[in-house]
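Q: I would like to go through this structure with you, one topic at a time. Shall we begin?

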Amino acid sequence: MSKKQFKAESKRLLEMMINSIYTHREVFLRELISNASDAIDKIYYKALTDDTLSFDKDSYFIKVIPDKENRTLKIIDTGIGMTKEELETNLGTIAKSGSLAFKKETELKDGYDIIGQFGVGFYAAFMVADVVTVISKAVGSDEAYKWESTGAEGYTIETVEKDSVGTEIILKVKENTEDENYDEFLEEYRLKSIIKKYSDFIRYPIKMDVKGKRPVEGSDNEFEDYVEEQVINSMVPIWKKNKSELSDDDYSNFYAEKRYGFDKPIKHIHVSVDGTIRYNAILYIPEKTPFDFYSKEFEKGLELYSNGVLIMEKCSDLLPDHFSFVKGMVDSEDLSLNISREMLQHDRQLKLISKNINKKIKSELQSLLKNEREKYEEFYKSFGRQLKYGVYSEFGANKEVLQDLIMFYSSKEKKLVTLDEYVSRMPEDQKYIYYASGESIERIDKLPQAEFVSEKGYEILYFTEDIDEFAIKMLMTYKEKEFKSISSGDLGIEGEENKSDSESEEKEYKEIFDYMKNILEGKVKDVRVSKRLKSHPVCLATEGDISIEMEKILAAMPDNQNIKADKVLEINKNHEVFQSLKEAFENDKEKLDLYTKLLYNQALLIEGLPIQDPVEFTNDICKIMV
Ligand SMILES: Nc1ncnc2c1ncn2[C@@H]1O[C@H](COP(=O)(O)OP(=O)(O)OP(=O)(O)O)[C@@H](O)[C@H]1O
């Protein structure tokens, strides 16, 4: 059976290519500049093995020239140029990449920077131009040729005069339409920003004639226009430099230049990996929380470069959510790009890079915590909440990674402490890691429930953020120590009272408490003698998984499902108030009703919970005054 060849309708193919590969039209410039850079690279590589050629870096450049009047945009390079045959094969055949062939021929392996590989980038020019003209003179050739095309209709080639070796691409920029503005590609500022965005680290200078205004010499108020040739790109990617050559200032300048943030980063991390996958990365831990950080608008991600050319501004796959505050970039020559260079063909390489840099971020944060505590605390004030979210999210999948990076304010030290610090100084008889939840440090400080635990000499961690208790519930234990709220029914502290004593007392007062429980029907699960209160008369404790703070958070959520904590009203039997309760129980039940309601409402207030009927509450207070 004879094998038939596929045929392609090249006109249609070209149309499809031009109109459907790229999301952003502006990338046409990136593609043409990358081709120009490849052309210069080729001379460089050729000169390595060809004695008749020399490579003097200073004479190689790329120049971009807009001409508004004639609606043309020129991209000139002093690269290797193309012969007539090369113009035909490279620009006349879709998906033919002379650059890929060059890479293979020259057997370039390590350290090559040639960008082209698919043989399609050039046609991006037709997204913005009606006519594309290429004038090229190849190295070692006396002849120059002009290739011209209006796109799908085909192309012409003719001989022309050109003095120097290299290529000149002339785009006849499309007229504006009702929906599309093409004029922008003739504007100096716009072209400069596209070059900066995508081609900042092309290794050869990209020049433009830039217009400016300056004071006329000898005059105070007169200004004149002038034109100056400027190099637009930074050229040297700092991530390719040796770490020892770079100062802290170099890194912070790069941070500012790239507008990663307006603050000064707390730390930079420079990674160069030359393993199964080669990549360089510069990462920053910012100092201040970006204004939109905790909002839906915030987009995490690192800049992703392939051979110094920007592929993605925010590659979110490189960062897990708990490190979403990290800024910076990754550059790799081993990425398998898709044809538009907007996406990756496989995410295997990306996964590997992401895994490595995440390990690195963790270890750098740990060393910051260990060696530069003040800086770490500053960082933690800005982004600690995100780390705690990280503990909680994905069903705790990252809790092992993060548990040593989180901190809480401590009752003893009156400053932030790590869980490790807490556990390492726990007295021998202390079984649990105690915490208290509340709106602020000041409020928690005054919680009656804390009295007993504090007196016992145990440290209490203050949970002031919504996420704290949720994170800790996910963590469950730290170094085999369970977490316990100071409001939980059973504090797990022995020796505070003789158990049988307390049981007998509870029995004795059972009648009063049962009566009170009845009054508070539906509001509390129980009324009990408190084991934790010392000087205060009353407090609320909870049973089960939902704490009072959690109840508050859940109530504030849009889909409030009215989830309530199981509350227990605890009464301090050593307080004078208890005597009054006893007397009222014996002599005046109406009074006991009033006292019970008052005590319950007080306990709610202490917890920062709303009182159902504030008017009734104030009236009740008045009743005991008269
Ligand atoms: N300025 C130039 N100087 C010399 N050769 C060029 C120039 N521009 C394009 N070429 C040649 O034309 C070929 C096709 O270019 P095109 O941009 O379509 O694809 P590519 O750069 O090879 O691959 P990619 O689609 O990945 O960018 C290049 O491989 C190169 O051989």
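Q: Is the crossing of H16 and H17 left-handed or right-handed?

A: In this predicted model, H16 and H17 cross in the left-handed sense. H16 covers residues 576-587 and H17 covers residues 589-607; their axes come within 6 Å and cross at roughly 145 degrees.

Q: Which residues of H16 and H17 meet there?

A: From H16 they are Ser580, Leu581, Ala584 and Phe585, and from H17 they are Lys591, Leu592 and Tyr595. By class, this contact of H16 with H17 has 5 nonpolar, 1 polar and 1 charged residues.

Q: And H2 with H5: at what angle do they pack?

A: The angle between helix H2 (residues 27-49) and helix H5 (residues 188-199) is about 65 degrees, and the axes are 9 Å apart. The crossing of H2 and H5 is right-handed.

Q: Which residues make the contact of H2 and H5?

A: H2 contributes Val27, Leu29, Arg30 and Ile33, while H5 contributes Ile194, Ile195, Tyr198 and Ser199. The contact of H2 with H5 divides into 6 nonpolar, 1 polar and 1 charged residues.

Q: Let us step back. How is the chain divided into domains?

A: The protein chain has domain 1 (8-231), domain 2 (238-379), domain 3 (406-496) and domain 4 (500-626).

Q: How far apart are the C-alpha centres of domain 3 and domain 4?

A: Those centres lie 23 Å apart. The contact between domain 3 and domain 4 takes 19 residues from each of the two.

Q: You mentioned H13. Which strands does H13 lie across?

A: H13 lies across strand E16 (433-437), strand E17 (460-463), E18 and strand E19 (481-485), and runs at about 155 degrees to E16.

Q: What is the strand order in the open sheet of 6 strands?

A: The order is E15-E14-E17-E16-E19-E18, and the pairing is mixed. Strand E15 (416-418) and strand E18 (477-478) are the edge strands, each pairing on one side only.

Q: How do E14 and E15 pair?

A: Strand E14 (residues 407-410) and E15 pair in the antiparallel sense, over 3 bridges. Tyr409 stands opposite Leu416 in E15.

Q: What about the open sheet of 5 strands?

A: That sheet has the order E9-E10-E13-E11-E12, with mixed pairing. Its edge strands are E9 and strand E12 (309-315), each of which pairs on one side only. On average, neighbouring strands of this sheet are turned by 15 degrees against each other, direction ignored.

Q: Which helix packs on that sheet?

A: Helix H7 (residues 348-371) packs on the sheet and touches E9, E10 and E13. The direction of H7 makes about 140 degrees with that of E9.

Q: How many residues of E10 are buried?

A: Strand E10 (residues 278-285) is mostly covered, with 7 of its 8 residues buried.

Q: And how does E10 pair with E9?

A: Strand E9 (residues 267-274) and E10 pair in the antiparallel sense over 8 bridges. A hairpin through 3 residues joins E9 to E10, and Asp274 stands opposite Arg278 in E10.

Q: How does E10 pair with E13?

A: E10 and strand E13 (residues 327-332) are antiparallel, with 6 bridges. Ile282 stands opposite Met329 in E13, and the bridge partner of Leu283 in E13 is Gly328.

Q: Changing topic to the backbone: what is phi of Asn307 near?

A: Phi of Asn307 is near 55 degrees, a positive value in a residue other than glycine. Most residues other than glycine have a negative phi. Asn307 is in the loop between strand E11 (302-306) and E12.

Q: Why does Asn307 count as buried?

A: Asn307 is buried because 22 other C-beta atoms lie within 10 Å, and the cut-off is 20 or more.

Q: Where is Met235 placed, and what is its phi near?

A: Met235 is in the loop between strand E8 (223-231) and helix H6 (248-257). Phi of Met235 is near 70 degrees, also a positive value in a residue other than glycine.

Q: Why does Met235 count as partly exposed?

A: Met235 counts as partly exposed because it has 15 C-beta neighbours inside 10 Å.

Terms used: Residues numbered from 1 in each chain as written. Predicted model: local features only at pLDDT ≥ 70, side-chain atom pairs only at ≥ 80, totals over all residues. Domains from an automatic or database assignment. Contact = placed C-beta atoms within 7 Å. Pairing = 2+ DSSP bridges. Helix = DSSP H or I, 4+ residues; strand = E, 2+ residues; numbered from the N terminus. Axes fitted to C-alpha atoms, helices over the stretch in contact; angles between N-to-C directions. Left-handed = near helix turned anticlockwise from the far one by under 90°. Nonpolar A, V, L, I, M, F, W, Y, C, P; charged D, E, K, R; others polar. Buried ≥ 20, exposed ≤ 12 C-beta atoms within 10 Å, placed from the backbone.
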